[in-house]
Amino acid sequence: MKIGRLVFIFLLNFLAIICFTPAAWAFCGFYVAKADTKLYNKASQVVIARDGDRTVLTMANDYQGNVKDFALVVPVPVVLKKEQVHIGEPQIIERLDAFSAPRLVEYFDEDPCATNRYRMEDRMPMSAAPAAQESANKISDRSLGITVESRFSVGEYDIVILSAKESNGLETWLIRNGYKIPKGAKQLLQPYIKQKLKFFVAKVNLEKFDSAGYQQLRPIMMAYESPRFMLPIRLGMVNSTNEQDLIVYILSPKGQAEITNYRTVKVPSDTEIPVFVKNEFADFYKAMFQTSYTKENKKVAFLEYAWDMSNCDPCSAEPLSPEELKQAGVFWLDRQPSMQPNFGLPSSNNVFITRLHVRYSRDKFPEDLMFQATSNRESFQGRYIMRHPFTGEMKCEAGRQYKRSLPQRLEREAQTLAKLTGWNIQEIRKKAKVVSNQPTSWWENLWKN
Amino acid sequence: MDSAIAIHYCDRFHLYSNSVASRMYCSYLGNLARKKDLILLNPLEMHSLRSAIITSLGLSLLLRTGSYTTAIAASLLAIASKFIFKIRNKHFFNPANFGIISVLIFTSDAWVSPGQWGEDWWYVLLFAGTGGTVLKKVGRCDTTVCFLSFYAVLEAIRNFTLGWTWDIFWHRLTSGSLLLFALFMLTDPRSIPDARVGRLIWAGCIAGLTFILRNQFYLSTSVFWALFILSPLTMFLDYLWHSTRFSWERSLDRSQDNSSHEILDRKAIIFEKI
């Protein structure tokens with residue numbers, strides 16, 4: 001009797017496990033458009049390649065002013081030497097952006113009266129924007145409590161690494177050396193000084209910039225070792241209550257990365273939307289992101305992409321080559337030479353990319369972003385599906401059924417789109433050419449012009 | 001968001017069910033070993049499931065893994081720790097905490113997401129916790145109160161010293177994961193010190209170690225490690241300060257005081273049957 005009960009309990013457990021196993025979703029479809037960082041007016045992009053405590057941080061923001069006014073002050077955990085700072089290629093960030101951007105895929109319904117067959121259409125997109133901001137200096141003034149830990153030039157940047165004893169001294173030093181410090185910066189600098197962080201201060205060497213003929217500022221990369229896995233965002237919010245977009249690409253040999261002090265939420269994905277969105281995908285994504293952001297009370301980070309970088313499905317851009325990954329800061333590839341033959345397949349380079357989109361503002365994101373890499377290797381992508389209805393002649397019973405079911409499907413797609421974006425359902429129906437065979441509610445057209 | 005949480009719960013249901021099953025199985029083995037011929041599902045044994053349910057909730061709400069074997073391992077190890085690591089018939093590791101730390105150390109596919117509960121639920125949790133304290137339904141809540149107060153004081157001192165604005169302090173304290181830990185993991189009445197003085201010292205030490213691990217060693221899972229490291233301290237504190245040990249049976253009887261006669265009658269009938 002007792003053994004019988006025991007068996008029953010184990011069977012119950014087994015059933016629970018089987019029943020609650022999530023369905024395996026296959027990612028398939030064809031890429032036609034993507035929502036990359038060009039959508040946003042002000043989007044900073046940061047690439048963090050991290051394994052253990054070793055970190056390579058690449059920063060690029062879309063600085064659009066005069067380069068002589070450019071200056072960058074970033075708290076860093078350790079004193080950096082010249083060999084630890086490098087100038088990255090803007091194309092690498094564009095490549096990462098293109099590879100991981102949310103994507104629109106399209107399918108064509110097959111002829112319900114014929115055998116299975118589908119066609120695809122492929123349209124390649126645009127590229128992303130790079131950049132940065134600020135100006136740099138020399139002079140060490142002990143009386144201000146400032147120590148110039150190192151000073152060097154890399155590429156078109158003059159860089160100074162400072163340590164400070166108190167924020168007044170640091171502020172005075174920066175002003176004396178020609179930096180325009182916004183009001184209120186002093187209060188924000190103080191906590192970083194007390195945490196014994198150093199300050200990475202960069203400005204553009206105009207002579208070098210002009211002689212090299214660069215059109216835009218290139219990203220700055222820094223390599224260091226520190227248990228702190230964080231990104232200071234507070235300094236960027238001095239005197240600004242506006243929302244700012246930040247795209248963080250985290251490259252890790254482990255798996256997905258996430259923010260530990262804010263909730264990380266997946267962007268809505270794998271939804272079917274009307275085909276007209278193909279021509280306004282950028283507007284769709286912006287509206288959808290804004291709706292989700294507002295729905296989450298503006299205080300979450302969004303996961304837009306998480307994938308092993310050796311492959312993609314569907315690919316919005318070719319996976320990065322090992323050489324490109326190195327340029328993006330991945331430093332562990334040489335340590336793990338692939339011992340297995342790859343039989344012509346792309347070898348697993350053990351780089352997992354996580355693309356996080358944070359729209360932050362002073363009131364909703366009071367604290368700097370803290371990250372952690374997890375062993376979660378689940379793939380995720382922001383993916384939106386269009387299904388083109390079959391328009392050919394259908395004479396069979398299946399064809400007639402298909403025709404009858406089509407208005408319902410189009411209506412469902414229109415409603416999904418309205419829900420995701422907050423767009424007017426009537427407008428969507430008009431654009432999607434939804435001929436509803438269901439009677440509309442009497443009030444829907446009551447106050448329509 | 002509600003649907004997301006519902007999915008989240010469904011996805012972790014196996015953890016819950018496995019822990020409960022593990023508890024029942026271990027209880028069954030324990031009974032066999034003691035040669036007590038108790039029926040596994042008899043109402044007298046059901047009260048011990050409360051302990052298993054707390055463990056299951058702790059695991060389901062805080063541990064994340066993509067593999068079922070790891071989930072099963074966590075729940076088995078959690079319950080097994082109650083039977084293995086005990087002195088004077090008292091286990092000193094919090095079972096859920098032991099399960100979490102074990103799989104974090106020994107497997108490569110488990111993790112804890114401190115940010116997963118955001119800050120939106122803090123008032124619900126605090127309300128539930130305070131209500132539970134007042135009604136004495138949630139174990140020994142003096143531990144929670146002491147832990148949260150001491151941790152808050154330490155964070156406040158740090159915030160003040162560094163010169164951060166107070167919204168950072170508030171943001172840190174309203175973390176859903178921290179409150180879940182304080183309300184559902186620290187309150188396990190069986191593995192914590194028996195005497196109030198011991199419990200307060202113990203909770204204070206955990207708060208202190210959590211603070212150090214988080215702010216000096218930048219460990220995002222600091223609370224779990226702090227509890228794990230300091231769990232054996234329970235035995236020492238019990239040695240210094242004696243008190244009545246918590247018992248689920250007594251707790252059950254107390255909470256059902258109004259219907260105590262009915263329960264006694266039922267017990268009598270059951271014993272007669274046995």
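Predicted model: local features only at pLDDT ≥ 70, side-chain atom pairs only at ≥ 80, totals over all residues.
Chain B has 274 residues, of which buried residues make up 40%, and its secondary structure comes to 15 helices and 4 strands. Among the contacts in chain B with a separation of 6 or more, 76% are accounted for by residues 24 or more positions apart. The chain is divided into three parts, with domain 1 covering 2–112, domain 2 covering 122–240 and domain 3 covering 247–274. Where domain 1 and domain 2 of chain B meet, the contact takes 16 residues from domain 1 and 15 residues from domain 2. On the domain 1 side of this contact, α4 (48–62) and α6 of chain B each supply at least two residues, and the largest share, 6 residues, comes from α4(B). By residue type, that side of domain 1 divides into 11 nonpolar, 5 polar and no charged residues.

Helix α6 of chain B, one of the elements on that side of domain 1, runs over residues 95–106 and has 12 residues. Its reach from the first C-alpha to the last is 16 Å, close to the 16 Å expected at 1.5 Å a residue. The helix is mostly covered, since 10 of its 12 residues are buried; those buried are Pro95(B), Ala96(B), Asn97(B), Phe98(B), Gly99(B), Ile100(B), Ile101(B), Ser102(B), Val103(B) and Leu104(B).

Turning to the nonpolar cores, the largest has 102 residues, and those with the most contacts inside it are Val47(A), Leu170(A), Val248(A), Leu251(A) and Ala328(A). Strand β16 of chain A, residues 300–308, provides the largest share of this core, with 7 residues. Apart from this core lies another, of 48 residues, which includes Ala74(B), Phe92(B), Leu178(B) and Leu183(B). To return to Val47(A), and not counting residues up to four places away in sequence, this residue touches Thr58(A), Ile93(A), Leu96(A), Tyr249(A), Leu251(A), Ala328(A) and Gly329(A).

Chain A also holds an open sheet of 3 strands, arranged in the order β11-β18-β13 with antiparallel pairing. Because β11 (230–231) and β13 (257–259) of chain A each have a single partner strand, they stand at the edges, and one side of each is left without a neighbour in the sheet. The antiparallel pairing of β11(A) with strand β18 of chain A, residues 369–373, extends over 2 bridges, and within β18(A) it is Leu369(A) that stands opposite Leu231(A).

Definitions and conventions. Residues numbered from 1 in each chain as written. Chains lettered and ligands numbered in written order. Expected span 1.5 Å × (residues − 1). Buried ≥ 20, exposed ≤ 12 C-beta atoms within 10 Å, placed from the backbone. Core = buried A, V, L, I, M, F, W, Y, C linked by C-beta atoms within 7 Å. Contact = placed C-beta atoms within 7 Å. Domains from an automatic or database assignment. Nonpolar A, V, L, I, M, F, W, Y, C, P; charged D, E, K, R; others polar. Pairing = 2+ DSSP bridges.
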